[in-house]
Amino acid sequence: MDKWEDNRAWFLVLPVFVIVAFSAIIPLMTVVNYSLQDIFGPGERIFVGVEWFKEVLHDSRLHEALLRQFLFSGMVLLIEIPLGIIIALMMPKKGWAASLSLVLIALPLLIPWNVIGTIWIVFTRPDIGLLGAAVNGMGIPFDHTASPIQAWITLMLMEVWHWTPLVALLAYAGLRAIPEAYFQAAKIDGASSWAVFKYIQLPKMRGVLTIALLLRFMDSFLIYAEPFVLTGGGPGNTTTFLSIYLVKIAVGQFDLGPAAAFSLIYFLIILLFSWLFYQVLQNAGKGGAQ
Amino acid sequence: MNLEWMAWTMPTAIFFITIVSILIAMTIWQIISPCMKRKGFLPIATTRGDRLFIGLLSSAYIHLAWLGLTPFTLWFAFAASLVWMGVVMRWG
């Protein structure tokens, strides 16, 4: 049978294209324009070429913030992806227990980001917070506002608590979409639980795990509200991530040119890593179980 | 329509007009002569659009690396990017 392409379908994506143009492309163009100028106010600007890019690229505080950001995102991915998969594997498959566990596990995702930070400030307070007071009660001095390591531990705990449910829900959806026939065939072959996971469940979850990895990388790399509320970038600058530093430059110092150059470099880093993750995951296991 | 808030300059206008022109040209090229995925020296099979994306993204990094690591004029990085772009599109 002859096949033909109906290109009219492209009109269906036109509304999305228009929305993206207004919400992303036009602001991005403006940022590019700002990154090459010294902006003093409306209509008062001087073209400075790539001066802001040079300044930003040689800024040691930006290098430190970038390293912190990579460390944070790397640790987040290393913890959340395996933990999310384990939770999804342990969740009930059907019945009321499945529905209940889905609702319970999704609860942290419903809380606004700034509220998450506030909850964890109270939760980890050394005097009245459930976690902070309990840890202090065990004889371990705990104060995330004074100790950089404890600030990082608290941030990681908060991030894992907040976002692992997303990975678990995506992995759960992937697991539930596997036809029962695969498991029956594995049972007939006498496959172990590990073999079932390695050769059936994991390859079949590749699509949803790609989405989970991309979302978690981009979100953790752009994280702002939670650490800003919880630690404010401190103690010192030890939890000052890229977004917090960017806001300090753009809003605190009102240096719009350097902030725009910084934003573009930030954007290019996220674009590169998202593309790399996407390619690696799309090409992983090619020729294996499909 | 007042676009003063976008703070346009001639170099950025030329930059974006060039990008849009490339995208239009690639679309017309695709309609006239549809491309298939192929494997070149890049580690993955790519379409023409993929190679354009890879070329543009790596060109941005070439410019940043040049700015961050050398004191010389950016025109060298621009020339290197043009050559790299051509190589990726032809043999990538």
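This report describes a predicted model with chains A and B.

## Ground rules

Residues are numbered from 1 along each chain as its sequence is written, and chains are lettered from A in the order in which they are written. Local features need pLDDT of at least 70, side-chain atom pairs count only at pLDDT 80 or more, totals for chains, interfaces and linings use all residues, and side-chain values use heavy atoms, with hydrogens and water left out.

## The build of chain B

Chain B has three helices and zero strands. Along the sequence the pattern reads α-α-α. Helices (H or I, at least four residues) and strands (E, at least two) are DSSP runs, numbered from the N terminus.

Chain B has a radius of gyration of 16 Å, whereas a compact globule of 92 residues would have one near 12 Å. The radius is taken over C-alpha atoms, and the globule rule is 2.2 Å times the number of residues to the power 0.38. The C-alpha atoms fill a box of roughly 40 × 40 × 15 Å along the principal axes.

Buried residues make up 28% of the 92 residues in chain B. Buried means under 20% relative accessible area, exposed over 50%, and partly exposed in between (1.4 Å probe, protein chains only). The accessible surface of chain B is about 6,000 Å², and carbon and sulfur atoms hold 79% of that surface. Accessible areas come from the Shrake-Rupley method with a 1.4 Å probe; for residues, only the protein chains shown count as cover.

## Where the chains meet

The interface brings 25 residues of chain A into contact (heavy atoms within 4.5 Å) with 19 residues of chain B. The size of an interface is often given as the accessible area lost when the parts come together. Here the buried area is about 2,100 Å², with 76% from carbon and sulfur atoms. Buried area is the accessible area (1.4 Å probe) that two parts lose on being put together, summed over both. Met29(A), Asn33(A) and Trp275(A) supply 25% of what chain A buries against chain B, more than any other three residues.

Eight residue pairs are in polar contact between the chains, both residues at pLDDT 80 or more. A polar contact is a pair of N or O atoms within 3.5 Å; within protein, one must be able to donate a hydrogen and the other to accept it, and residues adjacent in sequence count only if both atoms are side-chain atoms. On the side of chain A that touches chain B, α13(A) gives the largest share, eight residues.

## Residues in chain A

Thr240(A) sits in the loop between α11 (225-230) and α12 (242-252). Thr240(A) is buried, at 3% relative accessible area. Its contacts include Ala65(A), Arg68(A) and Tyr245(A). Pro235(A) lies in the loop between α11 and α12. A cis peptide bond joins Gly234(A) to Pro235(A), with omega about 0 degrees.

Ser23(A) belongs to helix α1 of chain A. Ser23(A) is exposed, at 51%.

## Residues in chain B

Ser58(B) is in helix α2 (residues 48-69). Its side chain reaches the backbone oxygen of Ile54(B) at 2.5 Å and the backbone oxygen of Gly55(B) at 3.2 Å.

Ala7(B) is found in the segment before α1 (10-32) of chain B. Ala7(B) has a positive phi of about 55 degrees although it is not a glycine. Ala7(B) is buried, with a relative accessible area of 2%.

Note on methods
Lists of a residue's contacts leave out its neighbours within four places in sequence.
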